[in-house]
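This report goes through a two-chain model, taking each chain, its packing and the contact between the chains in turn.

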Amino acid sequence: MNNSLKIIKYTFYDTLRSWWAILYFMFFLLVTGGLLYFSAGFTHSVASILNIILFIVPLVSIVFGIMYYYNSREFALLLMAQPLRRRQLFLGQYLGLAGSLSLSFLAGIGLVFLLFGSMEAIGLLLMLMFAGTVLSFIFTAVALWVGVQYEDRTKGFGIAILIWLFALVIYDGLFLAFLFVFEEYPLEKAATGFSILNPVDLARIMVMLRLESAALLGFTGAVFNKFFGTVSGIAVSGFAMLLWVFLPLQSFLRKAGNKDF
Amino acid sequence: MNSFGYHIILLLFTALSLPAGNFAFAKDLEVCNTCAWTSIKQAVEAAEEGDRILVRSGIYYENSITINKKISLSGKGNPVIDAGKMNGIFTIDKTDSVLIEGFILRNVEVSYRKDFAAIKVFRSNYCIIRNNSIENAFFGIQLEKSDYTSVLENKVVGEAIKEASSGNAIHLWYCNNASIEGNYLQGHRDGIYFEFVSSSVIRNNRSTGNLRYGLHFMFSDNNLYQENTFSKNGAGVAVMYSKGIEMTGNLFSDNWGAAAYGLLLKDITDSSIRRNTFSGNTIGVHAEGSNRLQVEQNTWTRNGWAFKIMGSCDEVKITENNFISNTFEVSSGAARAGSNVFDGNYWSSYTGYDLDKDGSGDVPHRPVKLFSYLLEKSPHAIVLLRSMFTDLLELAEKVTPVLTPEFIKDENPSIKIIKW
């Protein structure tokens, strides 16, 4: 346990020391700050901030995650020669990495909120923070999982970007195609199911239901609200989010544990 | 004094002296705790044609006061009449030219069998209802088969919770030439309800926070409504099955909810919509089965959908309007052109250019977004609202339009916001 903490601490500070974390922090500070500065208030620009979070957080998490994995390979090899369990080593690496990325994100957006936000919007801010943090943890896990699968860096990067693109764009395209193919059927449940399966969609819808624009969602929105308003709905979506963290992470740890480096 | 005024005075004097054969002068009956009359009902029964009843301030627990002679009732110092949840309060029954003013009317009974109202006008013409404040009533002011009635400067505030157990603030049924002006209506089922009403004017009213519609029109032809504010009503304003309606200078705002409209037009013909503002509604205007409409110089801002025009509309001319910051500008489920025209409007999402500097863009504007077109086909696709995919799709469609309906377009989009 002590060793694991040391690894977390090391990775955490290692990441924070690098330019990436600073840039990431600055990016959120400037972009959300700019948006809030030029818009009427926090609630008005939440939709734009949400879009930026959904775009940037998975991208940076996945790219930085896989880069960090490849770059720290030699160091990981060195540590593996020490009396350390591999699971501790890699779990520590993951937690440090995801933790520092989340921290940069939270600090960026939180600082802006302290400057421009108002107390009424605190619920929305927490929602955005939650969505961003979960997405960081999910996509860092995915990045490490891709890294351990492919020795070849180029291939690894390619696959990682593809996964990001899939979650952000391609999935929604398939979703839309599905809705059109089966338009004669009642699709409320299918639509709910589809959006739970993709963490990016899930995060977007959970925030949107709390925005004014929820009214635009019409009866589909009503179905969603009904679902996400119930205990089982929250439980199911929370479980789906956790599953998205757990599955790639577990897969990564298992693979890394058995791999002949 | 000029000669015109002199003639008027003379005329009035003659008019007043005409019924002098029956009684010499109209008299005043005062009602208060210490007056000759302590009950309004008794005073009304005792009054004769042409008398004035002056009610001094105080609380009167009375209901079902029937007025069947030409008298005027004036509240002085805001007297309160509390029906104590029993029946209605005033009923003007088959009597013309009655005036009711200056009362505070409270607690009319809610009934599922009878339409109790604070003031009911039944088969009576030329009545005036003004400056009353009606609180917690089932129906506020109800006019039936009465012509030339004026309802002015009243405040009707209800506490409606459910549509089924609430009435309308101002309710007109089979009336002509009514004028409804300067009223404040809140917390009822419908703010103003018109059924079989013609040649009437609705002006300067504020209808807000009603459960269903701020204004509800059915089978009512040739009416004018202008300078009203309809905000935060459950479903906005509905105008249905009528022709010759003029809607001018109204504000429709914040009708926001899953089933809310700024203005719902259903089977409206030969009407005009001018200089109105639609702001912050889920759907600004929803037009269905409506023909020959002139939609001019209106402004739409911050609506979900600014204008939903269904395939059943024809010859709707939408010119010189401003469409500013709406999520969707125009949406249409139609696969045909119809004869609807969009021309010379300002669109805040227009990305064209104006090289010849004539004030209108050189490339046409297509206000139907691809996504709103897709939504008409598959409403569930709304869950993809604000997703990266739809943004990309929109971008691709803008560069090379293949899917969006070609026929809905503005050939001369204005470059600047239109002012008038």
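Of the 261 residues in chain A, 42% are buried, where buried means that 20 or more other C-beta atoms, placed from the backbone, lie within 10 Å of the residue's own, exposed means 12 or fewer, and partly exposed is in between. The model is predicted: local features need pLDDT of at least 70 and side-chain atom pairs count only at pLDDT 80 or more, while totals for chains, interfaces and linings use all residues. Residues are numbered from 1 along each chain as its sequence is written, and chains are lettered from A and ligands numbered from 1 in the order in which they are written.

**The two chains**

Chain A has 11 helices and 0 strands; helices (H or I, at least four residues) and strands (E, at least two) are DSSP runs numbered from the N terminus. The radius of gyration of chain A is 19 Å, close to the 18 Å from the globule rule for 261 residues, so chain A is as compact as a globular protein of that length. That radius is taken over C-alpha atoms, and the rule is 2.2 Å times the number of residues to the power 0.38. The C-alpha trace of chain A spans about 60 × 45 × 35 Å along its principal axes. Among contacts in chain A with a separation of 6 or more, 81% are between residues 24 or more positions apart; a contact requires C-beta atoms, placed from the backbone, within 7 Å of each other.

Chain B is built from 4 helices and 38 strands. Its C-alpha atoms fill a box of roughly 85 × 55 × 30 Å along the principal axes. In chain B, 45% of the 420 residues count as buried. Of the contacts in chain B between residues at least 6 apart in sequence, 49% join residues at least 24 apart.

Axes are lines fitted to C-alpha atoms, for helices over the stretch in contact, and angles run from 0 to 180 degrees between N-to-C directions. A crossing is left-handed if the near helix is turned anticlockwise from the far one by less than a right angle, and right-handed if clockwise.

| Helix pair | Axes and angle | Handedness |
|---|---|---|
| Helix 8 and helix 10 of chain A | 10 Å apart, about 60° | right-handed |

From helix 9 of chain A, A:Pro199, A:Leu202 and A:Met206 meet A:Ser237, A:Ala240, A:Met241 and A:Trp244 of helix 11 of chain A. By class, the residues of this contact are 6 nonpolar, 1 polar and no charged, with Ala, Val, Leu, Ile, Met, Phe, Trp, Tyr, Cys and Pro counted as nonpolar, Asp, Glu, Lys and Arg as charged, and the others, Gly among them, as polar.

In the other pair, A:Glu188, A:Ala191 and A:Thr192 of helix 8 of chain A meet A:Thr220, A:Val223, A:Phe224 and A:Phe227 of helix 10 of chain A. Here the contact is made by 4 nonpolar, 2 polar and 1 charged residues.

**Nonpolar cores**

A nonpolar core is a set of buried Ala, Val, Leu, Ile, Met, Phe, Trp, Tyr and Cys residues joined through C-beta atoms within 7 Å. The largest has 94 residues, and B:Ile53, B:Ile170 and B:Val239 touch the most other members. Strand 28 (residues 261-274) of chain B gives this core its largest share, 6 residues. A second, separate core has 88 residues, including A:Tyr24, A:Val46, A:Leu168 and A:Phe252.

Beyond its neighbours within four places in sequence, B:Ile53 contacts several residues, among them B:Leu29, B:Val31, B:Ala43 and B:Ile71.

**Local features of chain B**

The buried residues in helix 3 of chain B include B:Leu370, B:Phe371 and B:Leu374. These buried residues pack against strand 36 (328-331) and helix 4 of chain B. The loop between helix 3 (370-377) and helix 4 (388-399) of chain B holds B:Arg386, which has a positive phi of about 65° although it is not a glycine. B:Arg386 is buried, with 20 other C-beta atoms within 10 Å.

Another positive phi, near 55°, belongs to B:Phe196, also a residue other than glycine. B:Phe196 is found in strand 19 (residues 192-198) of chain B and is partly exposed, with 15 other C-beta atoms within 10 Å.

**Contact between the chains**

How many residues of each chain are in contact with the other chain? There are 28 from chain A and 20 from chain B. On the chain A side, the elements that give two or more residues are helix 3 (42-71), helix 7 (153-181), helix 8 (188-197), helix 9 (199-208) and helix 10 (218-229) of chain A. Helix 7 of chain A gives the most, with 8 residues. The side of chain A that touches chain B has 18 nonpolar, 6 polar and 4 charged residues.

How values were computed
Contact = placed C-beta atoms within 7 Å.
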